[in-house]
Amino acid sequence: MTTLLLSLLLTLVQAAVPGVRPLPAPLSVARWWDPPPTPYAAGHRGVDLSAPVGAELRAVAAGRVHHAGPVAGRGVLSIALPNGLRTTYEPVRPLVSEGEQVAAGQVVAVLTEGSHCPAPCLHWGLLAGEAYLNPLALLPRPTPRLLPDPGGG
């Protein structure tokens, strides 16, 4: 039942929010979303995107800043979207304040040191209430391209 509910939520996310990349293309995923089987089990509740310290981070959709400040010694930014979803970014130095309205694509933070990755990275999350979802579902799906046949046939 949980899997069905999460699948439905992901489908609604993709239909409801036209996403903007939080970092410039191409995105390089250092660690994929790995949802835990239960709320308190081990897992990876977001994706880690490789990026240099100082990289500008963009709001993936329009919303209102829910939180901008330290959590457990790291800078965290959380943006509440109009459809009830919330995106999170860490470790960051927020450039916006709690309660501020932000536009999709607006630079909202700068990546700082202190990630849990071996190299600098952005931990990017997505929540629906207390349920973690795959934030990559916010991004537009790539357009498939046909390549020429290298064999010439």
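**Exercise 1. Is Arg74 buried, partly exposed or exposed, and which residue does its side chain meet in a salt bridge?**

Start with the surface: Arg74 has a relative accessible area of 28%. Buried means under 20%, exposed over 50%, and partly exposed in between (1.4 Å probe, protein chains only), so Arg74 is partly exposed. This is a predicted model, where local features need pLDDT of at least 70, side-chain atom pairs count only at pLDDT 80 or more, and totals for chains, interfaces and linings use all residues. Side-chain values use heavy atoms, without hydrogens and water, and residues are numbered from 1 along each chain as its sequence is written.

Next, look for the partner: the side chain of Arg74 forms a salt bridge with that of Glu90, at 3.1 Å from N to O. Such a bridge needs a side-chain nitrogen of Lys or Arg within 4 Å of a carboxyl oxygen of Asp or Glu. The two residues are 16 apart, with Arg74 in strand S5 (residues 74–80) and Glu90 in strand S6 (residues 85–90). Strands here are DSSP runs of E, at least two residues, numbered from the N terminus.

**Exercise 2. Where does His123 sit, and which side chain makes a polar contact with its own?**

Then find the partner: its side chain makes a polar contact with the side chain of Asp48, at 2.8 Å. That term covers a pair of N or O atoms within 3.5 Å; within protein, one must be able to donate a hydrogen and the other to accept it, and residues adjacent in sequence count only if both atoms are side-chain atoms.

Technical notes:
Helices (H or I, at least four residues) and strands (E, at least two) are DSSP runs, numbered from the N terminus.
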